[in-house]
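Good morning, and thank you for making time for this item.

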Amino acid sequence: MKIQDNYPEGKMLWFNDFYCDGNNMFFSAGNFNGLYAYSIVNKKLSFLGKFKDEYALCIQLYGNVNNFENQLIFTPLSANSIGIYDLYNKSFESIALPMPKAACGYECKFLNSVIYKNSIFAFPGYCSYIVEYNIKNKKLIIHDSWYNELSNRYKKKSNLLFHFDSAQINDDIYLLSEQYSGMFRYCLLDNTYEFIEIAGIYENIHTLSYDGNYIWCSTNSKLLKLNLKGKVTEEIDIFATYGVKGDFYYSIYHKDYLFLFACQMSIVLRIDCRNYMTKFEVMRYCKEEKKYTNYEYHATDFVKKKKDKVFFMCRSDRTILRNC
């Protein structure tokens, strides 16, 4: 499915996440400042308005979108504020965020967010802090004690701190570090954290999925099966086993299968985690290949699991695809 805007230019709309209420898809356009609703039944597009306090022509304003009691909460990529849209009142709200103490990149400020109890937590990307915003009490809290410890400990190798994949396991969020070969565990309950280094692995780890017992991660050359403490229980050579070269930057665990989405090729590696050495499939979803010189720009705009289905958007032609 493709969604074309209803202005005379007829541009193809793209986005980084969406919320679906069953009949309508709600999304923040990546092309410019605009919130849309798309009727799946009637195939009709509606413009709902612009986000407050953001530039009209700014691209990649928002990434993750979460729903909390009839409010859509949008996580900033290049935006300066958290965007909120009330589905019932059809009104916009803007929660301004402080400037980071350390310089950070553009368009990847926060790459992950979750709703926990009455708050939304947003995790970097590029920003030097974690945001906690209590939606009911309208209270903003910045958590940044971990940042100085990370910088002092690992000497900050790049502006990008954490990658696109994350996993929530009970009260904990697991993120993949760009600064060392391992994971960052953050406890939502008491705001404690842990730097988990993976022994014997010297490549950066790019993807992370949780199967209910183990975490599956991939590097440039290895597929790793880990326990929650970061101990490697299985290490698989990706090219020797699956015949695929290149990086993967998104992954999803779904119905006993691990889906690995290639960073710069239009392919998905589908692995049966019950028999991961022999049962796998390399699937191509687009004939047209484009070269993305910047690794922040991948072959897919997003990969999301919504209820019992996996959705992703092909960057080359902005087609929304589904993997059941």
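Let me begin with the second largest pocket, which is lined by 16 residues; Phe 18, Cys 20, Lys 306, Lys 309 and Phe 311 lie nearest its centre. A pocket here is an open set of points on a 1 Å grid over the protein atoms alone, where a 1.4 Å probe fits, with protein on both sides within 12 Å along at least five of seven lines; lining residues have an atom within 4 Å of a point. Please note that this is a predicted model, in which local features need pLDDT of at least 70 and side-chain atom pairs count only at pLDDT 80 or more, while totals for chains, interfaces and linings use all residues. Residues are numbered from 1 along each chain as its sequence is written, and side-chain values use heavy atoms, with hydrogens and water left out.

The volume of this second pocket is about 360 Å³, volume being the space filled by probe spheres set on the points, which are joined across faces, edges and corners. Strands β1 (19-20), β26 (309-314) and β27 (319-323) each supply at least two residues of its lining, and β27 gives the most, with 3 residues. Strands (E, at least two residues) and helices (H or I, at least four) are DSSP runs numbered from the N terminus. By class, the lining has 9 nonpolar, 1 polar and 6 charged residues.

How large is the volume of the largest pocket? It is about 1,000 Å³. Of the 42 residues that line the largest pocket, Asn 112, Ser 166, Val 303, Lys 304 and Lys 305 are the closest to its centre. Strand β25 gives the most to this lining, with 7 residues. The lining divides into 19 nonpolar, 14 polar and 9 charged residues. In this scheme Ala, Val, Leu, Ile, Met, Phe, Trp, Tyr, Cys and Pro count as nonpolar, Asp, Glu, Lys and Arg as charged, and the others, Gly among them, as polar.

I turn now to helix α1. Just after the helix, Lys 155 takes a positive phi of about 65°.

Tyr 154 has a relative accessible area of 12%. Leaving aside residues up to four places away in sequence, Tyr 154 touches Gln 179, Tyr 180, Phe 195 and Glu 197, contact meaning heavy atoms within 4.5 Å. The side chains of Tyr 154 and Glu 197 are joined by a polar contact of 2.8 Å. Such a contact is a pair of N or O atoms within 3.5 Å, one able to donate a hydrogen and the other to accept it; residues adjacent in sequence count only if both atoms are side-chain atoms.

Two further buried residues conclude the account. Thr 319, in strand β27, has 12% relative accessibility, and its side chain makes a polar contact with that of Asp 317 at 3.0 Å. Tyr 129 has a relative accessible area of 4%, and its side chain reaches the backbone oxygen of Pro 98 at 2.7 Å.

How values were computed. Buried means under 20% relative accessible area, exposed over 50%, partly exposed in between (1.4 Å probe, protein chains only).
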